[in-house]
Amino acid sequence: MTDGDSQSDGGQAGDGSGGGSSVSSPGRRVAARRLRAQGLTDRGAPRVVDVVDVVERLLAVQAQDGRGMRLAIRSRTDGLHASDVDDALSVDRSIVVTWLNRGTLHLVRSQDYWWLHALTAPRMAAQIRRRLAQEGLTAAEADRGVTVVERALAGEGPLVRARLKEHLDAAGVRTERQALVYVMVLASSRGLVVRGPVVDGGEQAFVLVRDWLGGPPAVDRDTALAELARRYLVGHGPATPADAARWAGLPVGDIRRGLTAAGDHLIDLGNGLIDLRERSEPAGRLRAAPEPAAAAAPALPAPRLLGSFDPVLHGWISRDWIVGGHQSVVTTNGIFRPIALVDGKAVATWAMPGGTVELTPFAPLSDEVTASLRADAADVRRFLGS
């Protein structure tokens, strides 16, 4: 529960692929449905898609890495710029970043902040207490730190982390190592602060929730769980209840409770997988061997460069269906590298030293794929303004 995400993943999602690297049927159908749910096969469709549309679809976007967070928007839209994300954060106030699911930084719609916070913040309490103690902060000192932060933001408006550190240092509150981060996590868990506007240098400043978003609405837990279950499947289906529980950082019983409320909107795909029912699909369990017309999988995305911590690597217990045997996509310290996605699989990692995209393929790529990825690399540079 820091700016990074070192949470390990265990087990396998029942995607019909046997945990291997193949996306052949029926694993291909599941992979294709997931990638479509993620918005990766809809880019270029004849409809207006903006920043908030993408965040609404995914519900919560990993936000430990600012550039990766913005690139998650690029890979699911056409023609936008990183500045459009900054405007949504700073001008429209339509999206915010804060610690939510699994105690990790996420980008969410402002209107989804309240109920997601109500569901996920209580789950952070024990871990926050433990980490504060590890950083040498007593409960009383941490409380005092939160008070200092709240008063500073109330008096001076949006403030970046360095300025808040100055206030805490002046008040004698420990800020060494990760102590500052966990004071801010504690303030976030209490619904006091979020990361709001982008200021000079591209850093997000902290703001008081009451100043930035207004007062909190009433949140009914059962309604919120139903919304979570439905919205998770919008951006991640097909999936299992355990997948949703891991992603949200909630007990699987809570997820099942929310799914029960979704009722006839769900369809059972077998192997524990559920999804939102499409208009062409009857309610109830799909047959193991559907008719050919019903068996056709959605198209897989065109070759695409995805940024670090892309949501497609975080939505399920297992990511084998994307990375196969290339587990080095996730480093030992929990960094999720940028990947190139081809035919629904990770085929390379990439980096941008000096503003130039450099691919590191896992195996030789065809000239056609290489050309497509070069074209997408040019769009990455355009989007970032580099």
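**Figure 1. Helices H3 and H16 are oblique to each other.** In this predicted model, helix H3 (residues 66–74) packs against helix H16 (residues 367–384) at an angle of about 120°, with the two axes 11 Å apart. Here, helices (H or I, at least four residues) and strands (E, at least two) are DSSP runs numbered from the N terminus. Axes are lines fitted to C-alpha atoms, for helices over the stretch in contact, and angles run from 0 to 180 degrees between N-to-C directions. Angles under 35 degrees count as roughly parallel, over 145 as roughly antiparallel, 65 to 115 as roughly perpendicular and the rest as oblique. From H3, look for Arg67, Arg70, Leu71 and Arg74, which meet Asp376, Asp379, Val380, Phe383 and Leu384 of H16; contact means heavy atoms within 4.5 Å. The residues of this H3–H16 contact comprise four nonpolar, no polar and five charged. In this grouping Ala, Val, Leu, Ile, Met, Phe, Trp, Tyr, Cys and Pro are nonpolar, Asp, Glu, Lys and Arg are charged, and the others, Gly among them, are polar.

A word on conventions: residues are numbered from 1 along each chain as its sequence is written. As this is a predicted model, local features need pLDDT of at least 70 and side-chain atom pairs count only at pLDDT 80 or more, whereas totals for chains, interfaces and linings use all residues, and side-chain values use heavy atoms, with hydrogens and water left out.

**Figure 2. Helix H11 is roughly perpendicular to helix H13.** The axes of H11 (residues 221–236) and H13 (residues 252–262) come within 7 Å and cross at roughly 85°. On the H11 side, the contact is made by Arg221, Asp222, Leu225, Ala226, Leu228, Ala229 and Leu233. Their partners on H13 are Asp254, Ile255, Arg257, Gly258, Leu259 and Ala261. The residues of the H11–H13 contact divide into eight nonpolar, one polar and four charged.

**Figure 3. A cis peptide bond joins Gly237 and Pro238.** Its omega is about 0°. To find the spot, follow the chain into the loop between H11 and helix H12 (241–248), where Pro238 lies. For context, most peptide bonds are trans.

**Figure 4. Phe309 and Phe336 form a tilted aromatic pair.** The ring centres are 5.5 Å apart, and 40° separates the planes. Rings of Phe, Tyr and Trp (its six-membered ring) pair if their centres lie within 6.5 Å; planes under 30 degrees apart count as stacked, over 60 as edge-to-face and the rest as tilted. By this rule there are five aromatic pairs. Phe309 sits in the loop between strand E9 (304–306) and helix H15 (320–323), and Phe336 in the loop between H15 and strand E10 (339–342), so the pair ties together parts that are 27 residues apart in sequence. Both Phe309 and Phe336 are buried, where buried means under 20% relative accessible area, exposed over 50%, and partly exposed in between (1.4 Å probe, protein chains only).

**Figure 5. Trp316 and Trp321 make an edge-to-face pair.** Their ring centres are 5.0 Å apart and their planes stand at 90°. Trp316 is buried, with a relative accessible area of 2%, and Trp321 is buried too, at 4%.

**Figure 6. Val173 is buried in the loop between helices H8 and H9.** The loop runs between H8 (161–170) and H9 (179–189), and Val173 has a relative accessibility of 5%. Glu141 is 32 residues away from Val173 in sequence, yet their C-alpha atoms are 6.7 Å apart. Leaving aside neighbours within four places in sequence, Val173 touches Leu137, Glu141, Arg144, Gly145 and Leu168.

**Figure 7. Arg93 and Asp343 each have a positive phi without being glycine.** Most residues other than glycine have a negative phi. Arg93 has phi near 55° and is found in the loop between helix H4 (82–90) and strand E2 (95–99). Arg93 is partly exposed at 34% relative accessibility. Asp343, with phi of about 55°, belongs to the loop between E10 and strand E11 (345–351). Asp343 is exposed, with a relative accessible area of 51%.
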